[in-house]
Amino acid sequence: MKIAVVGTGYVGLVTGTCLAETGNTVTCVDINQEKVEKMKQGQIPIYEPGLDILFHRNIEQGRLKFTTDLAEAIQEAKIIFLALPTPPGGDGSADLSFVLGAAKDIAKLITTYKVVVTKSTVPVGTADKVKAVFSANTSVEVDVVSNPEFLREGVAVEDFMKPDRVVVGTSSEKAKKLMEELYAPYVRSGNPIYFMDERSSELTKYAANSFLATKITFMNEVANLCELVGADVDQVRRGIGSDARIGKRFLFPGVGYGGSCFPKDVQALVKSAEEAQYDFSILKSVITVNETQKTVIVEKMRKYYKGDLAGKKFAMWGLAFKPETDDIREAPALYIIDELVKEGAEIVAYDPEAMENVKKLKGDVISYAHDPYEALEGADALIIVTEWPLFRTPDFDKIEASLKAKVIFDGRNLYDIQKMIDCGYYYNSIGRKVVEALATDDLAPVSEVK
(Lines give C-alpha, C1' and ligand atoms only; values in the text may rest on other atoms or scores of the structure.)
Protein backbone atom coordinates (compact mmCIF):
# COMPACT_ATOMS: atom_id res chain seq x y z
CA MET A 1 0.00 0.00 0.00
CA LYS A 2 1.19 3.53 -0.75
CA ILE A 3 1.15 5.81 2.27
CA ALA A 4 2.05 9.42 3.04
CA VAL A 5 3.06 10.65 6.47
CA VAL A 6 2.86 14.41 6.99
CA GLY A 7 5.31 15.44 9.70
CA THR A 8 8.58 13.74 10.59
CA GLY A 9 8.73 14.40 14.30
CA TYR A 10 8.96 11.56 16.78
CA VAL A 11 5.57 10.01 15.97
CA GLY A 12 5.71 10.62 12.24
CA LEU A 13 9.17 9.18 11.72
CA VAL A 14 8.52 6.05 13.81
CA THR A 15 5.15 5.56 12.11
CA GLY A 16 6.51 5.97 8.60
CA THR A 17 9.53 3.76 9.17
CA CYS A 18 7.55 0.95 10.81
CA LEU A 19 4.87 1.04 8.11
CA ALA A 20 7.60 0.69 5.48
CA GLU A 21 9.03 -2.30 7.36
CA THR A 22 5.95 -4.40 6.52
CA GLY A 23 6.21 -3.75 2.78
CA ASN A 24 4.34 -0.50 2.32
CA THR A 25 5.79 2.31 0.23
CA VAL A 26 5.92 5.33 2.51
CA THR A 27 6.68 8.95 1.65
CA CYS A 28 7.31 11.22 4.62
CA VAL A 29 6.87 14.92 4.03
CA ASP A 30 8.21 17.81 6.11
CA ILE A 31 8.55 21.54 5.50
CA ASN A 32 12.09 21.58 6.94
CA GLN A 33 14.35 21.28 3.88
CA GLU A 34 17.55 20.75 5.88
CA LYS A 35 15.97 17.99 7.94
CA VAL A 36 14.62 16.25 4.83
CA GLU A 37 18.02 16.35 3.12
CA LYS A 38 19.70 14.83 6.15
CA MET A 39 17.14 12.03 6.31
CA LYS A 40 17.65 11.34 2.61
CA GLN A 41 21.34 10.91 3.43
CA GLY A 42 20.51 8.43 6.19
CA GLN A 43 20.77 10.76 9.19
CA ILE A 44 18.11 10.18 11.85
CA PRO A 45 17.01 13.39 13.60
CA ILE A 46 15.91 11.64 16.82
CA TYR A 47 17.37 9.00 19.13
CA GLU A 48 15.21 5.92 19.46
CA PRO A 49 16.65 2.44 20.08
CA GLY A 50 16.21 0.11 17.11
CA LEU A 51 14.90 2.77 14.74
CA ASP A 52 18.19 3.18 12.86
CA ILE A 53 18.20 -0.42 11.57
CA LEU A 54 14.68 -0.16 10.12
CA PHE A 55 15.30 3.38 8.86
CA HIS A 56 18.39 2.49 6.85
CA ARG A 57 17.04 -0.83 5.57
CA ASN A 58 13.85 0.69 4.19
CA ILE A 59 15.64 3.64 2.59
CA GLU A 60 18.07 1.26 0.87
CA GLN A 61 15.23 -0.95 -0.35
CA GLY A 62 13.26 2.02 -1.69
CA ARG A 63 10.23 1.74 0.58
CA LEU A 64 10.94 4.85 2.69
CA LYS A 65 11.29 8.24 1.04
CA PHE A 66 11.43 11.86 2.18
CA THR A 67 10.32 15.08 0.51
CA THR A 68 9.24 18.65 1.14
CA ASP A 69 6.72 18.43 -1.71
CA LEU A 70 3.28 17.69 -0.25
CA ALA A 71 1.70 17.13 -3.67
CA GLU A 72 4.35 14.54 -4.52
CA ALA A 73 3.89 12.76 -1.20
CA ILE A 74 0.12 12.39 -1.36
CA GLN A 75 -0.44 11.95 -5.10
CA GLU A 76 -0.63 8.14 -5.13
CA ALA A 77 -1.13 7.54 -1.40
CA LYS A 78 -4.26 5.66 -0.35
CA ILE A 79 -3.80 6.69 3.26
CA ILE A 80 -2.40 10.00 4.51
CA PHE A 81 -1.27 10.19 8.13
CA LEU A 82 -1.19 13.57 9.89
CA ALA A 83 1.57 13.37 12.49
CA LEU A 84 1.91 17.03 13.33
CA PRO A 85 2.54 18.94 16.56
CA THR A 86 -0.39 19.87 18.78
CA PRO A 87 1.41 22.02 21.36
CA PRO A 88 -0.45 23.43 24.35
CA GLY A 89 -1.70 26.97 23.99
CA GLY A 90 -1.58 29.55 26.73
CA ASP A 91 -4.78 28.18 28.27
CA GLY A 92 -3.64 24.53 28.08
CA SER A 93 -5.78 23.62 25.09
CA ALA A 94 -4.21 21.82 22.13
CA ASP A 95 -3.18 24.05 19.23
CA LEU A 96 -4.70 22.45 16.13
CA SER A 97 -3.37 24.98 13.62
CA PHE A 98 -0.78 22.58 12.17
CA VAL A 99 -3.30 19.76 11.74
CA LEU A 100 -6.04 21.92 10.25
CA GLY A 101 -3.56 23.81 8.07
CA ALA A 102 -2.22 20.57 6.62
CA ALA A 103 -5.78 19.32 6.02
CA LYS A 104 -6.58 22.46 4.05
CA ASP A 105 -3.41 22.12 1.95
CA ILE A 106 -4.17 18.45 1.23
CA ALA A 107 -7.79 19.21 0.32
CA LYS A 108 -6.64 21.57 -2.44
CA LEU A 109 -4.35 18.93 -3.94
CA ILE A 110 -6.25 15.64 -3.94
CA THR A 111 -8.08 14.33 -7.01
CA THR A 112 -9.03 10.82 -5.86
CA TYR A 113 -10.46 9.19 -2.73
CA LYS A 114 -8.20 9.34 0.34
CA VAL A 115 -8.27 8.17 3.93
CA VAL A 116 -6.83 10.95 6.09
CA VAL A 117 -5.71 9.71 9.50
CA THR A 118 -5.07 11.97 12.48
CA LYS A 119 -2.14 10.30 14.24
CA SER A 120 -1.43 13.40 16.32
CA THR A 121 -2.87 13.52 19.82
CA VAL A 122 -5.93 15.72 19.44
CA PRO A 123 -8.93 16.69 21.60
CA VAL A 124 -12.41 15.31 21.18
CA GLY A 125 -14.11 16.77 18.12
CA THR A 126 -10.97 17.26 16.03
CA ALA A 127 -12.02 14.71 13.40
CA ASP A 128 -15.21 16.73 12.87
CA LYS A 129 -13.12 19.88 12.38
CA VAL A 130 -10.85 18.13 9.88
CA LYS A 131 -13.91 16.83 7.99
CA ALA A 132 -15.27 20.38 7.84
CA VAL A 133 -11.99 21.61 6.33
CA PHE A 134 -12.20 19.00 3.57
CA SER A 135 -15.88 19.71 2.94
CA ALA A 136 -15.11 23.40 2.51
CA ASN A 137 -12.13 22.92 0.20
CA THR A 138 -12.78 19.90 -2.04
CA SER A 139 -15.56 17.87 -3.60
CA VAL A 140 -13.35 14.74 -3.66
CA GLU A 141 -14.47 11.94 -1.35
CA VAL A 142 -12.42 11.82 1.87
CA ASP A 143 -12.76 9.71 5.00
CA VAL A 144 -11.24 11.18 8.16
CA VAL A 145 -10.04 8.61 10.69
CA SER A 146 -8.76 8.96 14.24
CA ASN A 147 -5.88 6.59 15.01
CA PRO A 148 -4.09 7.66 18.21
CA GLU A 149 -0.55 6.46 18.87
CA PHE A 150 0.51 4.69 22.05
CA LEU A 151 4.26 4.80 21.58
CA ARG A 152 6.59 4.90 24.57
CA GLU A 153 9.82 6.71 23.92
CA GLY A 154 12.69 4.26 24.28
CA VAL A 155 10.62 1.26 23.09
CA ALA A 156 8.59 2.94 20.33
CA VAL A 157 9.64 0.56 17.57
CA GLU A 158 8.55 -2.47 19.58
CA ASP A 159 5.32 -0.71 20.56
CA PHE A 160 4.48 -0.04 16.91
CA MET A 161 5.52 -3.43 15.56
CA LYS A 162 3.88 -5.38 18.41
CA PRO A 163 1.10 -3.17 19.79
CA ASP A 164 -0.99 -4.08 22.83
CA ARG A 165 -3.93 -2.77 20.82
CA VAL A 166 -4.72 -0.56 17.86
CA VAL A 167 -7.47 2.02 18.25
CA VAL A 168 -9.24 3.26 15.12
CA GLY A 169 -12.06 5.76 15.11
CA THR A 170 -14.13 5.80 11.93
CA SER A 171 -17.75 5.81 10.78
CA SER A 172 -16.84 4.60 7.28
CA GLU A 173 -16.84 0.91 6.33
CA LYS A 174 -14.60 1.73 3.38
CA ALA A 175 -11.98 3.34 5.62
CA LYS A 176 -12.34 0.55 8.18
CA LYS A 177 -11.40 -2.09 5.59
CA LEU A 178 -8.30 -0.16 4.53
CA MET A 179 -7.17 0.39 8.12
CA GLU A 180 -7.80 -3.27 8.93
CA GLU A 181 -5.66 -4.30 5.97
CA LEU A 182 -2.91 -1.86 6.95
CA TYR A 183 -2.63 -3.03 10.55
CA ALA A 184 -3.15 -6.78 9.94
CA PRO A 185 0.64 -7.55 9.94
CA TYR A 186 1.05 -5.96 13.37
CA VAL A 187 -1.67 -7.92 15.19
CA ARG A 188 -0.99 -11.45 13.94
CA SER A 189 -0.50 -12.67 17.51
CA GLY A 190 -4.10 -11.78 18.27
CA ASN A 191 -3.87 -8.38 19.89
CA PRO A 192 -7.03 -6.44 19.10
CA ILE A 193 -7.90 -3.66 16.72
CA TYR A 194 -10.65 -1.67 18.41
CA PHE A 195 -12.91 0.10 15.95
CA MET A 196 -15.06 2.84 17.45
CA ASP A 197 -16.46 6.27 16.64
CA GLU A 198 -14.01 9.10 16.13
CA ARG A 199 -14.80 10.98 19.33
CA SER A 200 -14.36 7.91 21.50
CA SER A 201 -11.04 7.20 19.79
CA GLU A 202 -9.81 10.73 20.43
CA LEU A 203 -10.81 10.58 24.09
CA THR A 204 -9.22 7.13 24.52
CA LYS A 205 -5.76 8.61 23.97
CA TYR A 206 -6.20 11.47 26.43
CA ALA A 207 -7.83 9.23 29.01
CA ALA A 208 -5.03 6.65 28.81
CA ASN A 209 -2.22 9.16 29.27
CA SER A 210 -4.05 11.05 31.98
CA PHE A 211 -4.71 7.86 33.92
CA LEU A 212 -1.02 6.88 33.78
CA ALA A 213 0.01 10.39 34.84
CA THR A 214 -2.44 10.12 37.75
CA LYS A 215 -1.00 6.75 38.77
CA ILE A 216 2.54 8.17 38.79
CA THR A 217 1.44 11.23 40.74
CA PHE A 218 -0.47 9.16 43.29
CA MET A 219 2.65 7.11 43.94
CA ASN A 220 4.71 10.27 44.37
CA GLU A 221 2.22 11.47 46.96
CA VAL A 222 2.49 8.12 48.74
CA ALA A 223 6.29 8.45 48.64
CA ASN A 224 6.16 11.91 50.21
CA LEU A 225 3.92 10.57 52.96
CA CYS A 226 6.27 7.61 53.51
CA GLU A 227 9.07 10.03 54.36
CA LEU A 228 6.92 11.71 57.00
CA VAL A 229 5.63 8.56 58.69
CA GLY A 230 8.74 6.39 58.43
CA ALA A 231 7.45 3.91 55.83
CA ASP A 232 9.40 2.63 52.79
CA VAL A 233 7.79 3.39 49.45
CA ASP A 234 9.50 0.44 47.75
CA GLN A 235 7.81 -1.96 50.13
CA VAL A 236 4.49 -0.18 49.72
CA ARG A 237 4.90 -0.27 45.95
CA ARG A 238 5.49 -4.02 45.94
CA GLY A 239 2.61 -4.55 48.33
CA ILE A 240 0.03 -2.77 46.21
CA GLY A 241 1.51 -3.67 42.82
CA SER A 242 0.85 -7.37 43.39
CA ASP A 243 -2.87 -6.59 43.38
CA ALA A 244 -4.02 -7.46 39.83
CA ARG A 245 -6.51 -4.59 39.96
CA ILE A 246 -3.64 -2.11 40.38
CA GLY A 247 -0.70 -3.72 38.57
CA LYS A 248 3.04 -3.22 38.96
CA ARG A 249 3.68 -0.62 36.27
CA PHE A 250 3.86 3.15 36.75
CA LEU A 251 4.27 2.78 40.51
CA PHE A 252 7.88 3.94 40.76
CA PRO A 253 8.18 7.25 42.62
CA GLY A 254 10.53 9.96 41.48
CA VAL A 255 10.84 13.61 40.56
CA GLY A 256 7.67 13.77 38.51
CA TYR A 257 6.68 12.98 34.94
CA GLY A 258 7.77 14.94 31.89
CA GLY A 259 8.07 14.39 28.17
CA SER A 260 6.02 15.35 25.15
CA CYS A 261 2.80 13.55 26.09
CA PHE A 262 1.75 13.41 29.72
CA PRO A 263 2.07 17.12 30.61
CA LYS A 264 0.27 18.47 27.56
CA ASP A 265 -2.31 15.68 27.38
CA VAL A 266 -3.39 16.10 30.99
CA GLN A 267 -3.68 19.85 30.48
CA ALA A 268 -5.61 19.38 27.25
CA LEU A 269 -8.10 16.97 28.85
CA VAL A 270 -8.70 19.44 31.68
CA LYS A 271 -9.35 22.13 29.07
CA SER A 272 -11.68 19.89 27.06
CA ALA A 273 -13.60 19.16 30.26
CA GLU A 274 -13.90 22.87 31.03
CA GLU A 275 -15.28 23.49 27.54
CA ALA A 276 -17.94 20.87 28.32
CA GLN A 277 -18.64 22.64 31.67
CA TYR A 278 -17.09 19.83 33.69
CA ASP A 279 -14.59 20.36 36.50
CA PHE A 280 -12.02 17.55 36.18
CA SER A 281 -10.69 18.18 39.67
CA ILE A 282 -8.55 15.06 40.02
CA LEU A 283 -6.48 16.01 36.96
CA LYS A 284 -6.08 19.56 38.19
CA SER A 285 -4.55 18.10 41.34
CA VAL A 286 -2.29 15.86 39.26
CA ILE A 287 -0.90 18.91 37.47
CA THR A 288 -0.32 20.80 40.73
CA VAL A 289 1.36 17.89 42.50
CA ASN A 290 3.59 17.08 39.54
CA GLU A 291 4.86 20.63 39.27
CA THR A 292 5.88 20.52 42.94
CA GLN A 293 7.41 17.05 42.62
CA LYS A 294 9.81 18.16 39.89
CA THR A 295 11.80 20.19 42.38
CA VAL A 296 11.28 18.10 45.53
CA ILE A 297 14.93 17.08 45.35
CA VAL A 298 15.96 20.75 45.54
CA GLU A 299 14.04 21.08 48.78
CA LYS A 300 15.98 18.12 50.16
CA MET A 301 19.22 19.82 49.14
CA ARG A 302 18.23 23.13 50.72
CA LYS A 303 17.51 21.35 53.97
CA TYR A 304 20.81 19.47 53.92
CA TYR A 305 22.88 22.55 53.13
CA LYS A 306 20.93 24.72 55.59
CA GLY A 307 19.46 26.91 52.89
CA ASP A 308 22.79 27.90 51.35
CA LEU A 309 23.43 26.42 47.89
CA ALA A 310 25.47 29.34 46.58
CA GLY A 311 28.92 28.32 45.43
CA LYS A 312 28.17 24.62 45.67
CA LYS A 313 29.10 22.40 42.74
CA PHE A 314 26.82 19.51 41.84
CA ALA A 315 27.19 16.62 39.44
CA MET A 316 23.94 15.75 37.67
CA TRP A 317 23.41 12.33 36.12
CA GLY A 318 20.58 12.41 33.62
CA LEU A 319 18.91 15.18 31.63
CA ALA A 320 16.34 13.41 29.44
CA PHE A 321 12.84 13.07 30.89
CA LYS A 322 13.30 9.27 30.85
CA PRO A 323 16.02 6.80 29.82
CA GLU A 324 16.56 5.60 26.23
CA THR A 325 15.59 8.93 24.68
CA ASP A 326 17.13 12.33 23.99
CA ASP A 327 13.79 14.07 24.65
CA ILE A 328 14.02 16.88 27.22
CA ARG A 329 10.53 18.29 26.84
CA GLU A 330 9.20 19.08 30.34
CA ALA A 331 12.12 17.10 31.78
CA PRO A 332 12.41 17.44 35.57
CA ALA A 333 16.15 18.04 35.13
CA LEU A 334 15.42 21.40 33.52
CA TYR A 335 13.37 22.55 36.50
CA ILE A 336 16.02 21.37 38.95
CA ILE A 337 18.73 23.17 36.96
CA ASP A 338 16.74 26.42 37.00
CA GLU A 339 16.23 26.26 40.75
CA LEU A 340 19.86 25.44 41.58
CA VAL A 341 21.36 28.01 39.20
CA LYS A 342 19.00 30.65 40.58
CA GLU A 343 20.48 30.00 44.01
CA GLY A 344 24.05 30.32 42.79
CA ALA A 345 25.00 26.64 42.40
CA GLU A 346 27.23 25.23 39.66
CA ILE A 347 26.15 22.13 37.74
CA VAL A 348 28.17 19.68 35.67
CA ALA A 349 25.84 17.27 33.86
CA TYR A 350 26.14 14.01 31.99
CA ASP A 351 23.50 12.23 29.92
CA PRO A 352 24.18 9.55 27.29
CA GLU A 353 21.91 11.19 24.67
CA ALA A 354 20.29 14.45 25.79
CA MET A 355 23.23 16.82 26.35
CA GLU A 356 23.14 18.40 22.88
CA ASN A 357 19.45 19.21 23.28
CA VAL A 358 20.08 20.82 26.67
CA LYS A 359 23.01 22.79 25.24
CA LYS A 360 20.70 24.22 22.56
CA LEU A 361 18.19 25.22 25.23
CA LYS A 362 20.38 26.27 28.16
CA GLY A 363 23.72 27.05 26.53
CA ASP A 364 26.56 27.52 29.01
CA VAL A 365 24.30 27.95 32.05
CA ILE A 366 25.64 24.55 33.10
CA SER A 367 28.70 22.50 32.11
CA TYR A 368 28.75 19.12 30.41
CA ALA A 369 30.98 16.10 31.01
CA HIS A 370 32.22 13.43 28.60
CA ASP A 371 31.35 10.60 30.97
CA PRO A 372 29.58 10.17 34.33
CA TYR A 373 32.74 10.16 36.43
CA GLU A 374 34.15 13.33 34.88
CA ALA A 375 31.00 15.11 36.06
CA LEU A 376 31.81 14.11 39.65
CA GLU A 377 35.26 15.69 39.83
CA GLY A 378 35.32 18.21 42.68
CA ALA A 379 31.54 18.18 43.12
CA ASP A 380 29.94 18.61 46.53
CA ALA A 381 27.27 16.01 45.74
CA LEU A 382 25.78 13.82 43.03
CA ILE A 383 22.18 14.35 41.86
CA ILE A 384 20.50 11.51 39.94
CA VAL A 385 17.60 12.66 37.79
CA THR A 386 17.20 10.06 34.99
CA GLU A 387 17.37 6.31 35.55
CA TRP A 388 19.65 5.35 32.67
CA PRO A 389 20.89 1.73 33.03
CA LEU A 390 24.44 3.11 32.99
CA PHE A 391 23.85 4.70 36.40
CA ARG A 392 22.41 1.64 38.13
CA THR A 393 25.65 -0.17 38.97
CA PRO A 394 28.37 2.49 39.17
CA ASP A 395 31.85 2.16 40.65
CA PHE A 396 31.25 3.60 44.11
CA ASP A 397 35.00 3.74 44.76
CA LYS A 398 35.37 6.06 41.76
CA ILE A 399 32.43 8.13 42.96
CA GLU A 400 34.02 8.47 46.40
CA ALA A 401 37.40 9.38 44.89
CA SER A 402 35.89 12.14 42.75
CA LEU A 403 33.34 13.79 45.04
CA LYS A 404 34.34 16.25 47.74
CA ALA A 405 31.89 14.48 50.04
CA LYS A 406 30.03 11.19 49.90
CA VAL A 407 26.63 12.75 49.26
CA ILE A 408 23.98 11.52 46.80
CA PHE A 409 20.52 12.92 46.15
CA ASP A 410 18.71 10.24 44.15
CA GLY A 411 15.53 11.25 42.37
CA ARG A 412 14.98 7.75 40.96
CA ASN A 413 15.75 5.41 43.89
CA LEU A 414 18.48 3.55 42.01
CA TYR A 415 20.46 2.25 44.98
CA ASP A 416 19.79 -0.14 47.82
CA ILE A 417 19.52 1.54 51.21
CA GLN A 418 21.72 -1.04 52.94
CA LYS A 419 24.37 -0.64 50.24
CA MET A 420 24.48 3.08 50.95
CA ILE A 421 24.77 2.46 54.69
CA ASP A 422 27.62 0.00 54.14
CA CYS A 423 29.43 2.45 51.86
CA GLY A 424 29.04 5.30 54.34
CA TYR A 425 27.19 7.72 52.07
CA TYR A 426 24.71 10.41 52.90
CA TYR A 427 21.93 9.19 50.64
CA ASN A 428 18.59 10.94 50.21
CA SER A 429 16.09 9.32 47.84
CA ILE A 430 12.32 9.48 47.30
CA GLY A 431 9.91 7.98 49.83
CA ARG A 432 12.60 6.08 51.74
CA LYS A 433 14.68 6.58 54.86
CA VAL A 434 17.54 9.02 54.66
CA VAL A 435 20.94 7.43 55.14
CA GLU A 436 23.07 9.80 57.20
CA ALA A 437 26.85 9.93 56.91
CA LEU A 438 29.53 12.47 57.80
CA ALA A 439 30.01 14.69 54.74
CA THR A 440 31.65 17.82 56.15
CA ASP A 441 32.76 19.02 59.55
CA ASP A 442 29.47 20.74 60.24
CA LEU A 443 26.96 18.37 58.65
CA ALA A 444 25.11 15.23 59.79
CA PRO A 445 26.21 12.37 62.05
CA VAL A 446 28.02 9.29 60.73
CA SER A 447 26.40 6.12 59.35
CA GLU A 448 22.95 6.02 60.81
CA VAL A 449 19.54 5.87 59.30
CA LYS A 450 17.06 8.57 60.16
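The model is predicted, so local features need pLDDT of at least 70 and side-chain atom pairs count only at pLDDT 80 or more, while totals for chains, interfaces and linings use all residues. Residues are numbered from 1 along each chain as its sequence is written, and side-chain values use heavy atoms, with hydrogens and water left out.

**Stop one: ring pairs.** The whole structure holds 19 aromatic pairs. Rings of Phe, Tyr and Trp (its six-membered ring) pair if their centres lie within 6.5 Å; planes under 30 degrees apart are stacked, over 60 edge-to-face, the rest tilted.

Select Y278 and F280. This pair is edge-to-face, with centres 5.8 Å apart and 80 degrees between the planes. Y278 is exposed at 51% relative accessibility. F280 is partly exposed at 26%. Buried means under 20% relative accessible area, exposed over 50%, partly exposed in between (1.4 Å probe, protein chains only).

Now select Y304 and Y426. Y304 is buried at 7%, and Y426 is buried at 4%.

**Stop three: charges over rings.** Select K398 and Y373. The charged end of K398 sits over the Y373 ring, 4.2 Å from its centre. A charge counts if NZ of Lys or CZ of Arg is within 6 Å of the ring centre and within 35 degrees of the ring normal. Finish at K406, which lies over the face of Y425, 5.2 Å from the ring centre.
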